[in-house]
Amino acid sequence: MNPRPRRLKVLRWMPNAWLTTAGPADGRAIYLTFDDGPHPEHTAPLLDLLAEHDARASFFLIGQQIERHPELARRIAAEGHTLGNHSFSHPRFETLSLRQQFEEIDRTDRLLTAINGRERHGFRPPRGVLSLPMIARCIRERRRILYWSYDSLDYSRRPAGELLDVIGRHPMRPGEIVLMHDDSQLSLDLLRELIPRWKAAGFALRALPTLD
């Protein structure tokens with residue numbers, strides 16, 4: 001298992017203003033990102049852990065989950081974390097027309113705007129599925145795609161100890177964008193071990209910069 005996706009070799013050729021695969025590396029920063037929330041059971045304990053360590057992160061929220069749990073979405077923003085767009089229903093984008101894809105995106109952006117007042121939010125496609133027409137339209141609309149450079153593999157549901165071993169064999173680098181999920185206990189179990197380890201190594205845990 002390798003936490004650095006092979007597709008990065010191609011994606012990193014794209015301008016960072018179009019498709020972001022790394023954050024600013026100054027101050028030895030790394031960027032935790034969480035997909036698929038907010039979750040009624042798992043998001044709040046994760047926010048508590050981040051607050052305990054004075055860490056900030058970015059949450060790519062699903063619109064349906066925002067509608068079901070608006071108080072959690074508001075808490076995420078109120079505690080200084082960045083909100084991102086992860087579609088409305090987390091469909092398989094490859095089965096949708098481009099119009100349907102952007103209906104999913106726009107519907108979620110309206111929900112996010114009602115929380116933080118920002119007109120537009122960085123977008124992360126469900127399952128990381130990208131197409132050239134999607135990328136081209138995002139460029140035209142000045143909508144940045146926020147990808148990742150380091151996959152925690154927490155969605156694999158493998159034992160935490162096994163994933164910690166993998167992460168230990170592939171050390172973190174400044175500027176890494178770390179893919180995680182806040183819809184299970186596994187991310188919390190991993191971070192209870194990883195955050196102290198990363199802080200001891202001199203890393204700062206930051207949210208991705210908001211878009212202009």
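**Salt bridges and a covered strand**

Arg-192 comes out as partly exposed, with a relative accessible area of 47%; buried here means under 20%, exposed over 50%, and partly exposed anything in between (1.4 Å probe, protein chains only). The model is a predicted one, so to speak of local features takes a pLDDT of at least 70, and side-chain atom pairs count only at pLDDT 80 or more, while totals for chains, interfaces and linings use all residues. Residues are numbered from 1 along each chain as its sequence is written, and side-chain values use heavy atoms, with hydrogens and water left out.

Arg-192 has a partner in Asp-189: the two form a salt bridge with their closest N and O atoms 3.7 Å apart, the term standing for a side-chain nitrogen of Lys or Arg within 4 Å of a carboxyl oxygen of Asp or Glu. Both residues sit in helix α8 (residues 185-200), 3 residues apart, or about one turn of the helix; helices (H or I, at least four residues) and strands (E, at least two) are DSSP runs numbered from the N terminus. Asp-189 is partly exposed too, at 31% relative accessibility.

Searching the whole structure turns up 14 salt bridges. One of them joins the side chains of Asp-48 and Arg-75, at 2.5 Å from N to O. That pair ties together distant parts of the chain, with Asp-48 in helix α2 (residues 43-52) and Arg-75 in helix α4 (residues 70-78), 27 residues apart. Asp-48 is partly exposed at 44% relative accessibility, and Arg-75 is partly exposed at 24%. Arg-158 and Glu-162 make another salt bridge, with 3.0 Å between the closest N and O atoms. Here Arg-158 has a relative accessibility of 37% and Glu-162 one of 30%. There is also a salt-bridge network, which links Asp-106, Asp-109, Arg-137, Glu-141 and Arg-143.

Strand β7 (residues 177-181) is mostly covered, with 5 of its 5 residues buried. Cover extends to both faces: Ile-177, Leu-179 and His-181 are buried on one side, and Val-178 and Met-180 on the other. Strand β2 (residues 29-37) pairs with β7 in the parallel sense over 5 bridges, pairing being called when DSSP finds at least two bridges between two strands. In this pairing Tyr-31 stands opposite Ile-177. Strand β6 (residues 150-151) is likewise parallel to β7, over 2 bridges, and Tyr-150 faces Val-178 as its opposite residue.
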